Amino acid sequence: MYSNEKLLKQMIKRRRDFHRYPETGWAEFRTTSKIAEALTDAGLGVVYAGDFVRPEHILGCNVDIEAQIKRAVSQGASPKIIEKMKGLTGLIAEIDTGRPGPITAIRFDIDCVDTTETGEDPHLPMMLGFNSVNANSMHACAHDGHTAVGMALAELLFQQKTSLKGKVRFIFQPAEEGARGGFAFVKSGVVDCTDYFIAFHLGLGNPTGTVFGGTDDFLFSTKIDAHYKGVGAHAGAEPDKGRNALLAAASAALSIHGIAPSPDGLTRTNVGVLNAGEGRNVVPPNAYMKIETRASTEDAALYVYSAAMRILIGAAEMYDVKLTTEKCGEAISARSDRDLAKIVMDTAATVIGVDTVKLIQPMTGSDDACWMMKKVQNNGGKATYIGIGADTKAGHHNNHFDFDEDAMGIALGVLYKTILVLNG
Ligand SMILES: [Zn+2]
Ligand SMILES: [Zn+2]
């Protein structure tokens, strides 16, 4: 049933629709509206993030909410549903069977990557006309697929409600990119009292047909926004009167990429954005940077984050400009529980289209689902992060990224069958 053509076709249709209208973190108004519409039509109740996320736990929300809502409505979101969202994106839905049994929560991330989709051939989304119409926004990490799979899974399990026990909770999380939404959702209690927690990702460098029951070695990560404020001046007549924010930022960017390695674990840094200056003949009075640090251990994470902050402060001192920083995203590491990963692995082996099953994949990225995994594990529950292989045309976050849609059928099959084992 899970792998039938009709379900796959519907997932592909929805995935392409989300791909056409991608929304960045905390701006997923249209996406949330479409999920809510489908799930309520199917009979599920939904609770919007606006009703449970506390504002003080939100990281890195710097979108123009009104403008994003306006765009979402012009692209087909329901104004009625948007009103219910109270300015926050994401939602949870739950199947309560009314019978005693475990509580299982599954996380689906719904946001896009801040990059502009390629307009070059050959790129399937462009050839078939579902390429992104939103500037600097592209589903380049397969979260459009995750969302479509989550909707199909919720609908399918709801139809099987009478043969399930316990509760199954579907978490549609905003702002995974930049590690911003997971923390707010966990702090709001979305995985409290959960016995099993599952997250999954399509692709990750694995081919279609390969499934990993779990994932380890997520990198700790911290995201920093930095603003330098200097003084503008005539670059010819009075350069000495200016305070050059561009040079402070440029100097900091180079030094951050030159942070020495740590014996406590591997580290990574990236200055992904540097915008500075106003005019050719004006000493640049402002600069803005988006920075991230990552590390394989807690000690190394503290080291690389502290070093980046020290460099930012030092560059401000050097160029006599003012610095303000904001921590706008954070993720920790987590390990999949072996026994739960084994259940997934054994289940995956029975799913049509799966040819290779493995217990644990190492991860070279970060995911704020780790907040949820850790929380559940600390409360005595089990958690795993499933890897569903999908052939891709380019690496994640590259603007030529596209994945093999058949992998959504595999993902649905693996998740559906796993829930039947846990809650059946
Ligand atoms: Zn990503
Ligand atoms: Zn991703």
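These notebook entries record what I looked up in the predicted model.

**Conventions**

I take the model as predicted, with local features requiring pLDDT of at least 70 and side-chain atom pairs counted only at pLDDT 80 or more, while totals for chains, interfaces and linings use all residues. I number residues from 1 along each chain as its sequence is written, with chains lettered from A and ligands numbered from 1 in the order in which they are written.

**Entry 1: domains**

I looked up the division of the chain first. The domain assignment gives domain 1 (5–218 + 332–423) and domain 2 (220–330); such bounds come from an automatic or database domain assignment. I find the C-alpha centres of domain 1 and domain 2 33 Å apart. Ten residues from domain 1 and eight residues from domain 2 make the contact, where two residues are in contact if their C-beta atoms, placed from the backbone, lie within 7 Å. The side of domain 1 that touches domain 2 divides into four nonpolar, four polar and two charged residues. In this count Ala, Val, Leu, Ile, Met, Phe, Trp, Tyr, Cys and Pro are nonpolar, Asp, Glu, Lys and Arg are charged, and the others, Gly among them, are polar.

I traced an open sheet of eight strands in the order 1-2-4-3-5-12-6-11, with mixed pairing. Helices (H or I, at least four residues) and strands (E, at least two) are DSSP runs, numbered from the N terminus, and two strands pair if DSSP finds at least two bridges between them. Strand 1 (45–48) and strand 11 stand at the edges with a single partner strand each, so one side of each is left without a neighbour in the sheet. The twist averages 25° from one strand to the next.

I then followed strand 6 (residues 210–216). Six of the seven residues of strand 6 are buried, a residue being buried if 20 or more other C-beta atoms lie within 10 Å of its own, exposed if 12 or fewer, and partly exposed in between, with C-beta atoms placed from the backbone. Strand 6 runs parallel to strand 11 (residues 356–362), joined by six bridges, and antiparallel to strand 12 (residues 382–388), joined by two bridges. Val211 has Val357 as its bridge partner in strand 11 and stands opposite Ile388 in strand 12. Gly214 stands opposite Ile360 in strand 11.

**Entry 2: helices**

I noted that helix 2 (residues 29–41) lies across strand 1, strand 2 (91–96) and strand 4 (167–173), at about 20° to strand 2. Axes are lines fitted to C-alpha atoms, for helices over the stretch in contact, and angles run from 0 to 180 degrees between N-to-C directions.

Helix 1 (residues 5–20) packs with helix 12 (residues 406–423) at an angle of about 115°, their axes 9 Å apart. Leu7, Leu8, Met11 and Arg15 of helix 1 meet Met408, Gly409 and Leu412 of helix 12 in this contact. I count these residues as five nonpolar, one polar and one charged.

Nine bridges join strand 7 (residues 220–229) to strand 10, and Lys223 stands opposite Gly329 in strand 10.

I also looked up Lys327, which is in strand 10. Lys327 counts as partly exposed because it has 13 C-beta neighbours inside 10 Å. Leaving aside its neighbours within four places in sequence, Lys327 is in contact with Thr222 and Ile224. The C-alpha atoms of Lys327 and Leu59 are separated by 7.6 Å, although these residues are 268 residues apart along the chain.

**Entry 3: backbone geometry in loops**

I recorded a cis peptide bond between Asp121 and Pro122, with omega about -10°. Pro122 is in the loop between strand 3 (103–109) and helix 5 (124–127).

Trp26 has a positive phi of about 70° although it is not a glycine. Trp26 is in the loop between helix 1 and helix 2 and is buried, with 26 other C-beta atoms within 10 Å.

Ala179, also not a glycine, has a positive phi of about 50°. I located Ala179 in the loop between strand 4 and helix 7 (181–187), where Ala179 counts as buried with 28 C-beta neighbours inside 10 Å.
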